Amino acid sequence: MFKPTEYQIKSVATGNICGDSGWLLDFKGEEKPSLIRALYKKKQLEVKEEHEGLYCYADWLPIKRLLKCDAKPITYKSEALAEKLGLKNLYITFNGYFPEKGATMRTCSFKETEAYSICARLSEEKKDDVIVVSSAGNTARAFAQVCSDNNIKLLLTIPEDNLDALWFEKPLNPCVKVLATKSGSDYFDAINLGNIVCELDGFFAEGGAKNIARRDGMATTMLSATTFIGRIPDYYFQAVGSGTGAIAAWEANLRFLEDGRYGNHKAKIYVSQNHPFVPMYDAWKADSREMLPYDNDQARHDANSVIAKVLTNRKPPYSIAGGLYDAMKDTNGDFFAVTNEEAEKAGKLFEELEGIDINPAAAVATASLIQAIENNQVERDAVIMLNITGGGEKRFKENKEIFYLKPSHIFDINADKEEIKEFVRRMYC
């Protein structure tokens with residue numbers, strides 16, 4: 001019988017430690033905004049193959065139960081792409097559908113790692129409440145699938161232009177519902193809509209990067225890679241919208257240092273954004289902890305100009321204590337900007353050589369690896385982890401009838417708050 005994982009909560013900014021009250025997202029009363037971090041009782045990770053999917057990493061997941069789960073990140077050593085790029089130790093951590101490698105994520109995105117962890121953190125007291133998740137696409141699809149499979153009440157908010165991301169192999173459980181913000185809006189507008197809904201009794205926010213379960217679920221990519229390779233990678237490559245996955249990889253690295261069996265170094269965090277939507281790239285290149293000014297209309301325009309729309313978060317956890325800026329400074333990391341054309345070329349190269357299609361965000365990450373090689377920012381014999389955050393969608397959809405989740409309503413960006421709340425109340429009557 002599964003026993004809840006034992007852990008405490010620590011504030012990155014102050015070092016304060018306490019127990020988890022159930023859905024703690026930050027320390028109340030602290031002046032400096034800060035992420036919190038789980039301190040697990042077990043310092044050495046035991047991979048439990050008897051648990052399904054990513055729950056094999058339960059020692060380092062803040063979970064109270066096990067859900068129906070059949071997927072986890074899969075790491076393998078690249079041959080064809082590595083040879084093409086002149087690399088000796090390129091390891092690909094694949095999140096998606098690649099049955100030849102054992103990857104079986106039905107939503108073809110590493111956002112499943114978040115959903116399985118967050119939903120398993122839910123306490124018995126919240127079972128009748130509705131979890132609210134705002135997304136630019138992949139997160140929504142992952143939560144919808146996991147909540148549908150496990151009968152967990154979920155309300156998604158998503159930009160109308162991203163609704164095509166809500167595809168599934170079969171109709172979902174009616175416990176999953178969707179609201180959208182009108183065409184021309186972006187992820188930030190969807191977040192605002194979700195925040196309004198969360199003002200209602202019986203609805204609560206998933207929490208984003210502040211939720212330790214989100215980060216530690218995403219950290220299973222680093223757990224997969226490090227335990228497969230037998231050591232901490234030298235470099236970690238990922239495309240980022242919020243940067244939460246890269247923060248999670250850094251935190252997992254710190255836990256492996258405590259574990260003591262996988263090396264005593266930190267992987268350099270090399271992250272990328274899709275040009276022209278590059279607010280974190282711009283801040284990093286200006287050596288600024290704070291995000292630079294970004295006009296709302298320009299941001300919406302840029303967000304709708306990139307092929308990797310999941311990378312378009314205007315309010316990422318970049319500046320906050322324990323956020324992406326700190327992760328990159330601590331690991332001597334760097335940022336890359338990748339054009340649509342570069343991403344498309346890299347995506348085609350990956351599919352040709354590795355034998356599987358990848359999502360635009362993963363193509364951005366692959367293109368950034370190519371940039372780093374061309375700029376001599378990685379050694380040819382270095383141990384490199386390439387986090388393919390989504391792939392296999394084309395393969396998964398072959399010979400299948402695909403179903404799309406439709407929104408209950410599409411709201412104007414400036415819709416009246418009370419009208420929104422009244423509509424949501426009627427939805428759940």
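This is a predicted model: local features need pLDDT of at least 70, side-chain atom pairs count only at pLDDT 80 or more; totals for chains, interfaces and linings use all residues.
Me: Which helix gives the largest share of the lining of the largest pocket?
Reply: The largest pocket has a volume of about 730 Å³. Of its 29 lining residues, those closest to the centre are Ile191, Gly207, Gly208, Ala209 and Lys315. Strand E7 (130-134) and helix H4 (187-197) each supply at least two residues of the lining. The largest share, five residues, comes from H4.

Me: How many residues of the lining of the largest pocket are nonpolar, and how many are polar or charged?
Reply: Each lining residue is placed in one of these classes by its type, with Gly counted among the polar residues. For the largest pocket, the division is 15 nonpolar, nine polar and five charged.

Me: Which helix gives the most to the lining of the second largest pocket?
Reply: About 510 Å³ of space lies in the second largest pocket. Its lining consists of 27 residues, and Asn138, Ile307, Asn359, Pro360 and Glu393 lie nearest its centre. Two or more lining residues come from each of helix H3 (138-150), helix H11 (340-354), helix H12 (360-374) and helix H13 (393-397). The most, five residues, is given by H11.

Me: How many charged residues are in the lining of the second largest pocket?
Reply: Asp, Glu, Lys and Arg are the residues that count as charged. The lining of the second largest pocket has eleven nonpolar and five polar residues, and its number of charged residues is eleven.

Me: What sequence distance separates Asp70 and Arg106, the two partners of a salt bridge?
Reply: The side chains of Asp70 and Arg106 meet with N and O at 3.9 Å, and a salt bridge requires these atoms to be within 4 Å. Asp70 lies in the loop between strand E3 (36-40) and strand E4 (74-77), whereas Arg106 lies in the loop between strand E6 (103-104) and helix H2 (111-121). The pair therefore ties together parts of the chain whose separation in sequence is 36 residues.

Me: Is Arg106 buried or exposed?
Reply: A residue counts as buried under 20% relative accessible area and as exposed over 50%. Asp70, at 43%, is partly exposed. Arg106 has a relative accessible area of 17%, so Arg106 is buried.

Me: Which residue forms a salt bridge with Arg106 at 2.5 Å?
Reply: This partner and Arg106 are 43 residues apart, the partner being in helix H3 and Arg106 in the loop between E6 and H2. The closest N and O atoms are 2.5 Å apart, and the residue is Asp149.

Me: Which residues is Leu324 in contact with, leaving aside its neighbours within four places in sequence?
Reply: Leu324 is one of the residues that touch the most other members of the largest nonpolar core. With those sequence neighbours set aside, its contacts are Gly243, Ala246, Ile247, Met280, Pro317, Tyr318 and Phe335.

Me: What is the volume of the largest cavity?
Reply: The structure holds three cavities of 30 Å³ or more. Of the 27 residues that line the largest cavity, Lys111, Thr139, Gly241, Val310 and Leu311 are closest to its centre. By class, this lining has ten nonpolar, 15 polar and two charged residues. The volume of the largest cavity is about 290 Å³.

Me: How many charged residues are in the lining of the second largest cavity?
Reply: The second largest cavity has a volume of about 60 Å³. Its lining includes Asp161, Asp186 and Lys309. The lining also has four nonpolar and four polar residues, and the number of charged residues is three.

Methods:
Residues are numbered from 1 along each chain as its sequence is written. Side-chain values use heavy atoms; hydrogens and water are left out. On a 1 Å grid over the protein atoms alone, a cavity is a set of points where a 1.4 Å probe fits but cannot get out, and a pocket is an open set with protein on both sides within 12 Å along at least five of seven lines; lining residues have an atom within 4 Å of a point. Grid points are joined across faces, edges and corners, and a volume is the space filled by probe spheres set on the points. Helices (H or I, at least four residues) and strands (E, at least two) are DSSP runs, numbered from the N terminus. Buried means under 20% relative accessible area, exposed over 50%, partly exposed in between (1.4 Å probe, protein chains only). A nonpolar core is a set of buried Ala, Val, Leu, Ile, Met, Phe, Trp, Tyr and Cys residues joined through side-chain atoms within 4.5 Å. Contact means heavy atoms within 4.5 Å.
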